[in-house]
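Please read them with the structure open.

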Amino acid sequence: MNVTLSINDQVVAEARRIASTRGTSLNQLIRDYLQQLTRADDLDEVIAGIKQRWSEENYRSAGAWTREELHERSGVP
């Protein structure tokens, strides 16, 4: 999809310089930024879902575990 943006000339020039030092294009720099931006939103949703599940469940054990029980659970001989 093509998108038209209105950006200050000085900002574009600086962004092109940054892209050049990173060995990429301004177009790719913007694409990468937008992909990171949308992943952050997905991550926020995942974290919110995990927090919700933790608040709904009781994950505490009935009591303290012995050293042997911890080793059994971890698979360490």
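**Notes on the helices and the core**

1. The buried residues of α1 pack against α2. Here buried means under 20% relative accessible area, exposed over 50%, and partly exposed in between (1.4 Å probe, protein chains only). Helices are DSSP runs (H or I, at least four residues; strands are E, at least two), numbered from the N terminus.

2. This is a predicted model, in which local features need pLDDT of at least 70 and side-chain atom pairs count only at pLDDT 80 or more, while totals for chains, interfaces and linings use all residues. Residues are numbered from 1 along each chain as its sequence is written, and side-chain values use heavy atoms, with hydrogens and water left out.

3. Which residues of α1 are buried? They are V12, A15 and A19. Viewed down the axis of α1, the buried residues fall within an arc of 65°, so they line one face of the helix; the arc is that of the directions from the helix axis to the C-beta atoms. Q10, S20 and T21, on the other side of α1, are exposed.

4. The largest nonpolar core has 5 residues in all: V12, A15, A19, L26 and L29. Such a core is a set of buried Ala, Val, Leu, Ile, Met, Phe, Trp, Tyr and Cys residues joined through side-chain atoms within 4.5 Å. Two or more residues of this core come from each of α1 (9–21) and α2 (26–56), and α1 gives the most, with 3 residues. In soluble globular proteins, nonpolar side chains tend to be buried together.

5. Apart from neighbours within four places in sequence, A15 is in contact with L26 and L29. Contact means heavy atoms within 4.5 Å.

6. The length of α1 agrees with expectation: at 1.5 Å a residue its 13 residues should span 18 Å, and its end C-alpha atoms are 19 Å apart. The expected span is 1.5 Å times one less than the number of residues.

7. What lies at the ends of α1? N8 caps the N-terminal end, with a side-chain oxygen 2.7 Å from the backbone nitrogen of Q10. After α1 comes G23, whose phi is positive, near 70°.

8. Helix α3 (residues 67–74) has 8 residues, and the number buried is 0, so it lies largely in the open. Just after α3, G75 takes a positive phi of about 85°. G75 is exposed, with a relative accessible area of 60%. Between G75 and S61 there are 19 Å in space, C-alpha to C-alpha, and the two are 14 residues apart in sequence.

Terms used
A polar contact is a pair of N or O atoms within 3.5 Å; within protein, one must be able to donate a hydrogen and the other to accept it, and residues adjacent in sequence count only if both atoms are side-chain atoms.
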